Amino acid sequence: MSEHAAILDLPAALNWLDGDKELFLTLAGMFLERTGQDILSIRAALDAHDLPRLAKEAHRLKGSAMEFCAAPMVEAAKQLEHSARSGVANDMSVLYGTMQQELDRLTTALEAIIHTGFPE
């Protein structure tokens, strides 16, 4: 079992992409390029208490993470999105922190795959 298994389901992600590892690497690179701006947008929306924008940005990041079958990241973004949509502001900072941790873990896993290759 790969060390990435708790972060993303690599076999499922590759299956979704019909086994195309080059496409996976391209999508991973695009994800890594975008996430810095995405997280800044989410943080700005959170700081401004702009709940519709926060929900939209969390939803977009959730969709991006779904490409990698990254269940913990998807769940963290989903919870933040749901909280923003329902207006439950008291837990959003905690949910943002959880999402940031999961994003960091996913980013690290994707960078490792890009730089060292796919695990055997």
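This is a predicted model: local features need pLDDT of at least 70, side-chain atom pairs count only at pLDDT 80 or more; totals for chains, interfaces and linings use all residues.
Let us take Met 99 as an example. If we leave aside its neighbours within four places in sequence, Met 99 is in contact with Ile 39, Ile 42, Leu 61, Met 73, Ala 76, Ala 77 and Leu 80.

I would now like to turn to H4. Its 16 residues, at 1.5 Å a residue, should span 22 Å, and because the C-alpha atoms at its ends are 22 Å apart, the expectation and the model agree. Which residues of H4 are buried? They are Met 73, Val 74, Ala 76, Ala 77, Leu 80, Glu 81, Ser 83 and Ala 84, and what covers them includes H2, H3 and H5. After H4 comes Gly 87, whose phi is positive, near 75°.

Finally, please look at how H3 and H4 sit together. These two helices pack at an angle of about 160°, with their axes 8 Å apart, and since angles over 145 degrees count as roughly antiparallel, that makes H3 roughly antiparallel to H4. The crossing in which H3 passes H4 is left-handed. On the H3 side the contact is made by residues including Leu 54, Ala 58, Leu 61 and Ala 65, while on the H4 side those taking part include Met 73, Ala 77, Leu 80 and Ala 84.

Methods. Residues are numbered from 1 along each chain as its sequence is written. Side-chain values use heavy atoms; hydrogens and water are left out. Contact means heavy atoms within 4.5 Å. Helices (H or I, at least four residues) and strands (E, at least two) are DSSP runs, numbered from the N terminus. The expected span of a helix is 1.5 Å times one less than its number of residues. Buried means under 20% relative accessible area, exposed over 50%, partly exposed in between (1.4 Å probe, protein chains only). Axes are lines fitted to C-alpha atoms, for helices over the stretch in contact, and angles run from 0 to 180 degrees between N-to-C directions. Angles under 35 degrees count as roughly parallel, over 145 as roughly antiparallel, 65 to 115 as roughly perpendicular and the rest as oblique. A crossing is left-handed if the near helix is turned anticlockwise from the far one by less than a right angle, and right-handed if clockwise.
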